[in-house]
Amino acid sequence: MISLLHALPGSVAQGLIWGILAISVFLTFKVLDYADMTVDGSFCTGGATCVMMMLSGQNVYVALICSFLAGMIAGYVTGLLHTMLKIPPILSGILTQLGLYSINLAIMGKSNQAISVDQYALIVSLRFINYSILMSVIIIAIIIALLYLFFGSEIGSAIRATGCNQNMARAQGINTGRCIRIGLVVSNGLTAFAGGLYAQYQGNADVNAGRGAIVIGLAAVIIGEVIFGSRHNFAVRMGVSVVGAIIYYIVIAVVLQLGLPSTYLKLLSAVLVAVFLGIPSIQSYLGIKVKQR
Amino acid sequence: MLEIKNLVKIFNKGTINERVALNGVNLTLNDGDFVTVIGGNGAGKSTILNAVAGVWPVDEGSIVLNGHDITGLPEYKRAKYIGRVFQDPMMGTAATMQIEENLALAKRRGQSRGLKSGITGKERSEYKELLKSLDLGLEDRLTSKVGLLSGGQRQAVTLLMASLKKPDLLLLDEHTAALDPKTAKKVLEISENIIREHNLTALMVTHNMKDAIAYGNRLIMMSEGKIIYDVSGEEKKNLKVSDLLQKFEEAGNDEVNDAMVLS
């Protein structure tokens with residue numbers, strides 16, 4: 001129990017950083033209605049870009065902006081594959097993600113690049129958890145505020161309409177292909193930014209860092225919606241996704257504390273997401289059973 | 001003015017399911033024409049509307065609207081000139097967005113969309129007045145999600161959206177077919193008011209022969225991808241359902257369905 005309490009701040013810090021990724025998954029999965037697998041690659045791209053930029057002497061803010069830009073490019077590629085070449089959404093994301101694996105290795109030169117908080121001025125680090133939590137909260141507040149403004153703008157409204165009803169959007173003169181591309185660009189930029197922060201927090205960029213990121217993001221979004229509901233204003237819904245990510249990491253900490261080998265974590269994540277995504281079907285199935293009796 | 005020349009659309013071309021949906025349609029609409037379109041299933045009524053709206057490219061022919069050749073334009077670019085209401089009430093609005101947000105999207109039809117606020121305070125009061133004119137009690141529900149509205153209310157909002165920025169052409173694709181008779185009548189009245197008030201040019205597809213006769217100043221009947229009857233003015237006013245049935249039979253349409261006659 002004591003050790004769980006000790007692990008708690010770390011879970012919160014991790015949850016906050018993954019919460020940024022959760023926001024970007026919320027944007028694609030919920031707002032744009034697009035299951036974007038690119039994040040598994042662009043998360044790592046963000047980390048790789050950030051660490052390599054810093055190792056080459058850039059300051060942390062420039063490095064994070066470059067992470068954001070790199071993620072944007074990845075999102076644009078997925079957007080082009082889907083909107084121009086008409087490749088289905090999931091496959092477009094998988095193709096970009098696979099390609100990014102090579103690119104991530106090329107950026108780093110090897111599969112892992114360490115960056116020490118003692119030698120570089122990092123924004124977050126697991127060596128300074130309380131400070132990391134504070135910085136993450138500030139960053140998330142800024143991100144949510146900016147996204148709230150963006151999605152309230154003309155182009156932001158057009159993106160939301162595209163995600164909701166493409167027929168309606170086109171009938172209102174909205175270039176739906178462009179809206180999907182912009183949505184993916186923003187979302188993957190954000191994912192890569194989260195990847196950059198995560199690399200700093202961990203003290204290294206790793207080519208496997210983003211594996212399963214989409215599942216963790218989805219878990220966070222779904223946990224948030226199941227607990228807090230989805231009938232909130234846009235800013236609150238983004239915040240709820242972040243809280244979902246924190247809850248996810250606390251649950252993971254508890255499960256590890258209970259003795260689950262850490263090798264089973266990914267299986268646990270997958271099962272968790274499958275169960276929560278399946279809740280509506282399971283409910284209706286049980287509902288029919290009850291009626292039949 | 002809309003000029004459709006020799007329009008051909010073939011679905012599943014070159015396959016066993018090949019079907020000629022439009023077989024050389026010629027049609028000219030004058031400004032202010034309110035044309036009702038009738039015909040049996042598969043006659044090409046909705047197809048001609050979709051062709052004009054640009055849902056897919058046509059195989060042959062041209063579509064010119066007020067001097068702009070729109071034949072090759074993508075759907076979203078044509079939307080600048082065209083207002084649309086669909087058969088499915090779910091199709092014309094964004095369910096997860098507020099009524100005012102939907103209207104604000106429609107207000108910007110044909111304009112470039114930037115980083116300006118998606119809706120202004122001035123617009124809100126304008127929308128409130130417009131919704132009041134519908135007389136459906138929606139003027140107090142500006143921030144309600146459209147998904148909470150009934151089918152009839154959604155069609156009425158879609159009509160407002162289609163006419164918010166005056167279109168050169170209004171396309172109504174059986175927009176009352178999915179509604180109960182009472183609501184359908186109300187939505188038809190709203191449609192007629194909007195068309196009259198803004199002096200719009202409109203094409204309205206309907207399954208209901210009585211409505212086809214009662215509304216508009218011109219009626220066209222389609223069969224097998226062609227226009228087989230085109231009537232306007234006094235002659236149209238004096239039409240009876242029995243006349244239309246006869247025309248149908250002459251065209252070799254023996255599968256006139258009950259709904260067309262009885263409703």
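# Briefing on a two-chain predicted model

In chain B, the hairpin formed by strand 4 and strand 5 has two residues between its strands, and B:Asn66 takes a positive phi near 50 degrees there. The model is predicted: local features need pLDDT of at least 70, side-chain atom pairs count only at pLDDT 80 or more, and totals for chains, interfaces and linings use all residues. Residues are numbered from 1 along each chain as its sequence is written, while chains are lettered from A and ligands numbered from 1 in the order in which they are written. Helices (H or I, at least four residues) and strands (E, at least two) are DSSP runs, numbered from the N terminus.

- Strand 4 and strand 5 (residues 68-69) of chain B pair in the antiparallel sense over two bridges; two strands count as paired if DSSP finds at least two bridges between them.
- The bridge partner of B:Leu65 in strand 5 of chain B is B:His68.
- Strand 4 (residues 60-65) of chain B also pairs with strand 1 (residues 2-11) of chain B, in the antiparallel sense and over five bridges.
- B:Val8 stands opposite B:Glu60 of strand 4 of chain B.

**The six-stranded sheet of chain B**

- Chain B holds an open sheet of six strands in the order 6-7-8-3-9-10, with mixed pairing.
- Its edge strands, each pairing on one side only, are strand 6 (82-85) and strand 10 (226-232) of chain B.
- Neighbouring strands of this sheet are turned by 20 degrees against each other on average, direction ignored; axes are lines fitted to C-alpha atoms, for helices over the stretch in contact, and angles run from 0 to 180 degrees between N-to-C directions.
- Strand 3 (residues 34-39) and strand 8 (residues 202-205) of chain B pair in the parallel sense over four bridges.
- Within strand 8 of chain B, B:Ala202 is the residue opposite B:Phe34.
- Helix 1 (residues 45-53) of chain B packs on the sheet and touches strand 3, strand 6, strand 7 (169-173), strand 8 and strand 9 (218-223) of chain B; the direction of helix 1 makes about 145 degrees with that of strand 7 of chain B.

**B:Thr47 in helix 1**

- B:Thr47 belongs to helix 1 of chain B.
- B:Thr47 counts as buried because it has 23 C-beta neighbours inside 10 Å; a residue is buried if 20 or more other C-beta atoms lie within 10 Å of its own, exposed if 12 or fewer, and partly exposed in between, with C-beta atoms placed from the backbone.
- Leaving aside residues up to four places away in sequence, B:Thr47 touches B:Lys9, B:Ala21 and B:Leu22, contact being defined by C-beta atoms, placed from the backbone, that lie within 7 Å.
- B:Thr47 and B:Leu22 are 25 residues apart along the chain, and their C-alpha atoms are separated by 7.2 Å.

**Loop residues with positive phi**

- Most residues other than glycine have a negative phi.
- B:Asn199, not a glycine, has a positive phi of about 50 degrees and is found in the loop between helix 6 (181-198) and strand 8 of chain B.
- B:Asn199 counts as exposed, with 10 C-beta neighbours inside 10 Å.
- B:Glu224, also not a glycine, has a positive phi of about 45 degrees and lies in the loop between strand 9 and strand 10 of chain B.
- B:Glu224 is partly exposed, with 17 other C-beta atoms within 10 Å.

**Helices in the two chains**

- Helix 5 (residues 151-164) of chain B has 14 residues and reaches 20 Å from its first C-alpha to its last, close to the 20 Å expected at 1.5 Å a residue; the expected span is 1.5 Å times one less than the number of residues.
- Of the 14 residues of helix 5 of chain B, 13 are buried, so this helix is largely enclosed by the rest of the structure.
- Helix 10 (residues 234-257) of chain A has 24 residues and reaches 35 Å from its first C-alpha to its last, close to the 34 Å expected at 1.5 Å a residue.
- Buried residues in helix 10 of chain A include A:Met238, A:Val242, A:Ile246 and A:Tyr249.

**The side of chain B that touches chain A**

- In this interface, 25 residues of chain B are in contact with 20 residues of chain A.
- Helix 2 (75-78) and helix 3 (99-107) of chain B are the elements that give two or more residues to this side.
- Helix 3 of chain B gives the most, with four residues.

**Chain B overall**

- Chain B contains 10 helices and 10 strands, and 44% of its 263 residues count as buried.

Definitions and conventions:
Two residues are in contact if their C-beta atoms, placed from the backbone, lie within 7 Å.
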